[in-house]
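Below are some notes for a first reading of this model. Please keep the structure open and check each point against it.

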Amino acid sequence: MARKKTSRAASDTAASTVVVMVLYVTESGPNSARAIANLEAICEEHLKDRYRLEIIDVLEYPRRALADGIVVTPSLAKVSPSPAATVVGNLSDKIEVLRALGIRG
Amino acid sequence: MGTNRPIPQSLPKIATGIQGFDELSHGGLPRSRISLLKGGPGSGKTVFALQSLVNAARERGESGIFVAFEESPRQIIANAGGFDWDLPTLVKNKLFFMDANLSPDIVQSGEFDLRGLLAMLKAKKEEIGARWIVFDGVDVLLTLLQNPKSEMREIYRMRAWLAENELDGAILTAKIDGAGSQIANYGFLQFMVDCVIGFEQRLECGVSLHRVQILKYRGSPFAKGEYPVSFGPGGMEIVPPEPTEIKQVASGERVSVGFDRLDTMLGGGLFRGSSTLITGVPGTSKTTLSGKFAEAACRRGERTLFVSFDEGPERIVRNLMSVGIQLRPYLKSGLLRMYSGRTESVAAEDHLVTLKTLISEHQPRCMVIDPLSAIAKAGGLAAARSVANRFIYTAKDQKITVVVTAINEGNEPETESTDLQISTIADTWIHLSYLIRGGERNRALTIIKSRGTAHSNQVRELTLSDAGPMLADVYTAGGEVLMGTLRWEKEDEERARRLERRTEIDQKRVSLELAEADTRARIKVLEHDLERQRIELAAYSSDDQARIVSSSDREKVLRRIRSADPAGSAGNGGTASVATHRGSNGSAKFGKKNRTESRDGP
């Protein structure tokens with residue numbers, strides 16, 4: 001219930017605001033490659049130009065990931081608009097991703 | 001099949017510094033290998049893992065990483081606040097806690113892996129030069145993978161990472177209760193690691209008991225079986241099996257129990273470093289006796305520890321004061337330390353840790369535990385017995401003279417043994433009981449055993465007064481020891497009887513003296529009589545003689561006058577008359593007398 005409510009609230013602002021996201025991956029891993037592909041597809045379809053995505057290779061920047069509180073890869077963090085949200089996994093479940101990002105599917 | 005095979009090198013190990021565990025495992029955890037700690041929630045896995053890390057950091061200055069999958073580092077640090085590890089300081093420079101908690105708010109979409117995590121940990125490990133790593137609650141992470149294949153893949157990945165990163169110690173903990181597990185590859189996980197340690201927490205009589213067991217240790221011998229785990233201020237402590245050899249040195253020095261009479265009964269007091277058990281039903285003055293012992297120890301200037309599982313120190317001091325035992329001055333001076341503990345819902349093992357801590361803090365030479373049997377309250381009689389035994393051995397090793405009390409419910413000498421079965425290991429066993437006789441309860445003291453001592457075998461009455469406990473004179477009557485009023489009565493009776501006997505004797509003497517005097521008097525009278533009769537007789541004889549002489553003279557004269565009969569005829573007539581008289585009277589004497597009288601008559 002709570003999650004649905006915040007999703008709706010977020011979706012109201014989704015039309016005008018830019019969604020800022022960070023995707024933590026390990027470039028060499030199959031799950032990471034899949035996550036990048038899945039996320040790009042979702043953004044293309046639902047956000048067009050209203051998103052900013054930063055992709056961080058944890059193998060290269062482990063300290064950054066550590067500081068950001070990342071545990072597993074791939075992990076997608078929605079930084080803004082609030083509420084912040086984290087999705088772990090290769091983002092193959094599109095509906096879950098959209099819900100977490102506050103985008104109406 | 002070579003004939004000169006080199007003896008296999010013993011597996012390199014790394015000490016955990018956890019008391020008892022390094023003995024059980026013959027040196028600690030396998031170095032550069034993975035150890036798995038498994039067990040249900042709250043069984044002590046996390047404490048074990050964290051304590052290993054803390055010990056390595058404090059004792060060897062080794063850094064470590066703690067990856068927390070289940071609880072937040074903040075929680076873990078807070079939970080460890082009860083131990084004297086000074087974790088906050090260690091966290092600043094030696095230990096790194098990684099919050100690997102996947103919050104429930106996290107949305108999962110598809111598969112993930114540990115590549116990123118391991119990359120981060122590698123970076124951190126290199127940064128702080130970590131020698132240890134703990135993955136706490138790895139089951140939580142593996143369960144999130146939701147796929148047995150992924151689980152196995154990630155377990156492999158972790159193992160490869162650990163091998164690659166050459167850490168000294170690697171511990172995984174997993175919430176695995178018994179055989180059941182949520183991890184599909186639980187069996188595989190066990191197989192993959194080199195050492196598996198099982199932790200168990202179970203409830204026995206309302207008290208949680210912790211146990212540890214080494215289930216697997218590749219390439220190393222280890223102590224098999226379950227061992228009790230206790231938690232003290234220093235953290236977890238595992239109780240290793242008792243050394244089979246008892247190496248205490250027996251002391252010949254005697255220590256007073258506080259009053260002479262009992263010392264005498266014990267052949268001069270208790271041996272220094274010995275253990276004494278005082279048993280008895282409630283109210284038989286067990287505390288008083290142990291208080292007296294404590295007071296005597298303090299008087300000698302010996303550091304003393306009084307542990308009570310009954311009452312608070314204030315109350316004990318006050319109660320003992322009423323029977324003339326003064327502990328307060330020693331308590332004030334610090335010579336005496338009193339500790340009162342609760343026994344409900346505290347595991348016996350934890351009591352042992354407390355006692356050991358108290359001993360190491362106070363360094364006593366004499367110690368009292370009143371009552372030791374209280375630890376059996378805390379569930380698990382077997383555990384309590386083992387704790388009682390171990391406590392006594394610990395005290396002996398440190399040459400502490402110990403007096404412990406135990407409540408036993410029965411009052412039969414045969415069932416004097418307590419639930420804890422301390423009586424078999426105690427050196428001296430004093431039993432207090434009530435003897436009910438003549439409508440009174442009296443306290444009786446018996447020394448059931450006293451090793452190496454010729455002790456009194458008599459039951460004595462224990463009396464309490466302002467001056468302290470006393471052992472009353474024994475009154476044996478008809479093979480029974482008399483006590484209380486019966487003793488008083490007996491004493492009175494005895495006194496009365498003595499008095500009576502003395503009077504009787506006096507009277508008898510007087511009467512005998514009187515009788516003697518009387519007899520003497522009578523003898524005197526009789527002597528007088530005798531004398532008189534002798535005189536009379538003498539007088540009579542001379543008279544008779546005179547008469548005979550005179551009659552024969554007369555006959556002569558008659559014969560001479562008559563000139564007829566010869567002298568012989570008169571004699572014949574006399575003889576015939578005698579015979580006649582004898583026939584009628586039967587007595588020659590009277591006959592003779594009669595004859596003389598008859599002769600006298602005419």
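Predicted model: local features only at pLDDT ≥ 70, side-chain atom pairs only at ≥ 80, totals over all residues.

1. Which strands make up the open sheet, and in what order? There are 5 strands, ordered β2(A)-β1(A)-β3(A)-β4(A)-β6(B), and the pairing is mixed.

2. As background, the strands of a sheet pair through backbone hydrogen bonds, in either a parallel or an antiparallel sense. Strand β4 of chain A (residues 85-88) pairs with β6(B) in the parallel sense, over 2 bridges. A:V87 has B:V107 as its bridge partner, and A:V88 has B:Q108.

3. Now take the contact between the chains as a whole. On one side are 20 residues of chain B, in contact with 28 residues of chain A. On the chain B side, β6 and α5 (115-128) each supply at least two residues. Helix α5(B) gives the largest share, 8 residues. Sorted by class, the chain B side has 10 nonpolar, 4 polar and 6 charged residues.

4. Elsewhere in chain B, look at strand β19 (residues 401-407). Is this strand enclosed or open? Of its 7 residues, 7 are buried, so the strand is largely enclosed by the rest of the structure. B:T401, B:V403, B:T405 and B:I407 point one way, while B:V402, B:V404 and B:A406 point the other way; all are buried.

5. β19(B) also has pairing partners to check. Strand β15 of chain B (residues 275-280) pairs with β19(B) in the parallel sense over 6 bridges, and within this pair B:T279 is bridged to B:A406. Strand β18 of chain B (residues 366-370) is likewise parallel to β19(B), with 4 bridges. There, the bridge partner of B:C366 is B:T401.

6. Helix α10 of chain B (residues 286-299) has 14 residues. From its first C-alpha to its last it reaches 20 Å, close to the 20 Å expected at 1.5 Å a residue. The helix is mostly covered, with 13 of its 14 residues buried. After α10(B) comes B:G301, which has a positive phi, near 85°.

Key
Residues numbered from 1 in each chain as written. Chains lettered and ligands numbered in written order. Pairing = 2+ DSSP bridges. Contact = placed C-beta atoms within 7 Å. Nonpolar A, V, L, I, M, F, W, Y, C, P; charged D, E, K, R; others polar. Expected span 1.5 Å × (residues − 1). Buried ≥ 20, exposed ≤ 12 C-beta atoms within 10 Å, placed from the backbone.
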